[in-house]
Amino acid sequence: MAVALRFAAVARDSPAAAAPPRVGREQQYLACAAAARPGGRCSRRRGLVVRCQSGAAAVVLNKDDAASVAAAAASSATGFTVAMKFGGSSVASAERMREVVDLILSFPEETPVVVLSAMGKTTNNLLLAGEKAVSCGAPKASEIPELAVIKELHVRTIDELGLDRSIVSAHHVLNMKDFRQLKHGLLEELEQLLKGVAMMKELTPRTRDYLVSFGECMSTRIFAAYLNKLGKKARQYDAFDIGFITTDDFTNADILEATYPAVAKRLQGDWIDDPAIPIVTGFLGKGWKSCAVTTLGRGGSDLTATTIGKALGLREIQVWKDVDGVLTCDPNICANAIPVPYLTFEEAAELAYFGAQVLHPQSMRPAKEGDIPVRVKNSYNRRAPGTVITKTRDLSKSILTSIVLKSNITMLDIVSTRMLGQYGFLAKVFSIFEDLGISVDCVATSEVSISLTLDPSKLWCRELIQQELDHVVEELEKIAVVHLLQHRSIISLIGNVQRSSLILEKAFNVLRRNGVNVQMISQGASKVNISLVVHDSEAKQCIQALHSAFFENGFLSEVEEEDLQHNGSPVSPNGVIYGN
Ligand SMILES: Nc1ncnc2c1ncn2[C@@H]1O[C@H](COP(=O)(O)OP(=O)(O)O)[C@@H](O)[C@H]1O
Ligand SMILES: N[C@@H](CC(=O)OP(=O)(O)O)C(=O)O
């Protein structure tokens with residue numbers, strides 16, 4: 001940080017260097033440079049090079065680095081140190097909100113940016129209410145039970161915290177000026193929206209995103225009002241109003257690069273004008289073309305927090321959950337799961353991607369790019385050390401870190417009819433998936449056949465699943481014989497693939513003893529993941545047996561002993577090295 005303040009930021013965008021700069025981009029760099037040198041004047045000298053007139057040494061940076069340096073410098077100027085994200089379970093009631101306020105205030109040395117999810121199960125209730133509205137008819141929309149649950153929860157919370165009910169009256173409708181004129185509160189707007197859905201008898205992905213946005217919009221307003229009531233100045237932000245720019249992929253939008261400088265500028269600018277703890281809605285963004293509310297996929301508030309972390313160049317990103325960190329397994333499957341103290345970004349991303357609900361699959365990307373540690377903590381058990389996720393850790397002695405389940409997977413066995421050469425065959429198969437916008441999770445190939453699993457997150461809407469699958473099969477059948485195998489599960493063994501023989505020996509031993517035949521195995525180049533495909537009906541039992549064998553019965557201690565004899569360095573059950 002200190003370096004960023006001492007040095008001037010000089011941004012140069014190489015692809016655009018030959019072309020005249022667009023004004024927006026140039027201004028962005030000027031803003032970045034200005035932020036990197038508060039008080040310094042900036043000018044454009046030649047091409048896209050922007051130089052601060054501070055007399056300090058110049059550093060040539062690419063676009064992203066310039067934004068990061070600027071963010072780091074400005075954040076040190078404004079003093080934000082940490083992003084603290086609290087999930088739905090952490091803010092599920094008035095009592096929980098009090099607890100979280102107490103938790104935040106117990107770190108007086110920090111200047112946090114707070115990110116909140118919707119209260120408790122509000123997102124699920126909003127989605128259910130939306131689905132019911134489609135078929136219930138307009139007059140009945142007000143009587144949808146989930147709407148009543150949402151209203152009751154928010155009104156009760158407001159009352160119990162001693163707040164004014166008008167705090168959920170701020171409007172957040174985008175591109176609908178007429179709506180802005182209405183004097184209804186968010187809860188009334190929500191009811192209106194459900195009536196609209198009932199009248200239209202359809203719930204498009206765009207409307208679905210707008211519908212679920214009410215959850216985060218309400219939780220943050222309540223929380224900020226409560227902090228203000230306690231005399232701790234807080235300011236509520238809707239992410240879509242402060243520069244969270246996304247693709248227009250409703251229900252699963254990606255954050256665009258422009259977000260980082262925009263969010264940094266807004267949060268820092270406001271802090272400089274009038275310091276107040278920012279309370280930001282997780283999960284939400286604004287589509288860059290549509291300007292409508294988008295969402296980042298379920299659990300997307302983690303991604304909001306890491307994006308803010310990178311934008312502001314924070315020291316640490318904390319995600320507060322209802323578990324003692326990332327565990328060796330989903331605790332709903334294995335009650336004996338234990339916390340994993342350290343993970344790399346890569347391990348955490350793989351774990352999340354392959355189904356561990358605890359982290360959003362994309363959330364590690366900004367943290368990794370900004371090299372900002374992510375700490376997963378338990379808001380119900382502050383003293384638990386949690387999990388620290390960083391760029392690197394010594395994996396040389398680690399074995400298995402965590403076991404993850406992704407169920408209800410579709411697997412395809414595709415055998416070439418030899419109409420194409422081998423490379424032509426693989427290329428054709430993957431171009432079909434590309435054309436249909438379907439991601440593939442795991443792949444195993446031989447010369448003339450491919451087995452692969454499909455990523456269910458790309459098959460959101462239930463009716464579409466069958467339609468899309470039928471279409472895929474139809475296309476593939478032009479060049480191959482295709483077997484569609486549904487109700488499969490991927491069991492991912494996240495660990496040190498350098499020790500894959502040891503992991504596989506143990507795993508297959510366990511599976512054989514349990515009478516399970518693995519239907520596909522994939523060991524990627526990622527060095528952290530081995531995936532096994534089994535039938536859904538066997539998956540939980542497999543995971544329990546694997547967890548018990550790897551983590552509960554002294555296996556890792558045995559290996560530890562062996563390692564000690566061979567190398568003199570023992571390994572803990574989670575791959576953490578004790579000693580050397
Ligand atoms: N490997 C794992 N480690 C920890 N929690 C897991 C794991 N796999 C699944 N979970 C589930 O993830 C939940 C926490 O994630 P989530 O519900 O998204 O939290 P929040 O809503 O607080 O952000 C836990 O309550 C647990 O049931
Ligand atoms: N409320 C959203 C976003 C989110 O991140 O929630 P949580 O942090 O509670 O997983 C969801 O339920 O998907």
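**Strands, helices and ligand shells**

In this predicted model, strand β5 (residues 82–86) runs parallel to strand β6 (residues 112–116), and 5 bridges pair the two. Within this pairing, Val 82 has Pro 112 of β6 as its bridge partner. The chain as a whole contains 18 helices and 21 strands. Of its 580 residues, 47% are buried.

**The eight-stranded sheet**

- The pair β5 and β6 belongs to an open sheet of 8 strands with mixed pairing, whose order is β7-β9-β6-β5-β12-β14-β15-β13.
- The edges are held by β7 (234–237) and β13 (342–344); each has a single partner strand, so one side of each has no neighbour in the sheet.
- On average, and with direction ignored, neighbouring strands of this sheet are turned by 20° against each other.
- Helix α12 (residues 345–353) packs on this sheet and touches β13 and β15, with its direction at about 85° to that of β13.
- Strand β12 (residues 316–321) and strand β14 (residues 374–378) run parallel and are joined by 5 bridges, with Lys 321 standing opposite Asn 378 in β14.
- On pairing with strand β15 (residues 387–390), β14 takes the antiparallel sense, over 3 bridges; here Val 376 has Thr 387 of β15 as its bridge partner.

**The six-stranded sheet**

- Another open sheet consists of 6 strands in the order β17-β18-β16-β19-β21-β20, with antiparallel pairing.
- Its edge strands are β17 (440–445) and β20 (520–523); each has a single partner strand, so one side of each is left without a neighbour in the sheet.
- Neighbouring strands here are turned by 30° against each other on average, direction ignored.
- Four bridges, in the antiparallel sense, pair β17 with strand β18 (residues 449–454), and Val 443 stands opposite Leu 452 in β18.
- Helix α17 (residues 536–552) packs on this sheet, where it touches β16 (400–416), β19 (480–495) and β21 (529–535); the direction of α17 makes about 145° with that of β16.

- The buried residues of α10 are Thr 259, Tyr 260, Pro 261, Val 263, Ala 264, Lys 265, Leu 267, Gln 268 and Trp 271.
- Pro 205 lies in helix α9 (residues 205–229) and is partly exposed, with 17 other C-beta atoms within 10 Å.
- Although Pro 205 and Phe 250 are 45 residues apart in sequence, their C-alpha atoms are 5.5 Å apart in space.
- With residues up to four places away in sequence left out, Pro 205 touches Phe 250 and Thr 251.
- Across the chain, 75% of the contacts with a separation of 6 or more are between residues 24 or more positions apart.

**The ligand surroundings**

- Around ligand 1 there are 19 residues, of which Gly 87, Lys 321, Leu 327, Asp 330 and Val 358 come nearest.
- The shell of ligand 1 comprises 7 nonpolar, 9 polar and 3 charged residues.
- The residues that surround ligand 2 include Gly 87, Gly 88, Ser 117, Ala 118, Thr 123 and Gly 215.
- Also among them are Gly 282, Phe 283, Arg 298, Gly 299, Gly 300 and Ser 301.
- By class, the residues around ligand 2 are 2 nonpolar, 9 polar and 1 charged.

How values were computed:
Residues numbered from 1 in each chain as written. Chains lettered and ligands numbered in written order. Predicted model: local features only at pLDDT ≥ 70, side-chain atom pairs only at ≥ 80, totals over all residues. Near = placed C-beta within 6 Å. Nonpolar A, V, L, I, M, F, W, Y, C, P; charged D, E, K, R; others polar. Buried ≥ 20, exposed ≤ 12 C-beta atoms within 10 Å, placed from the backbone. Pairing = 2+ DSSP bridges. Axes fitted to C-alpha atoms, helices over the stretch in contact; angles between N-to-C directions. Contact = placed C-beta atoms within 7 Å.
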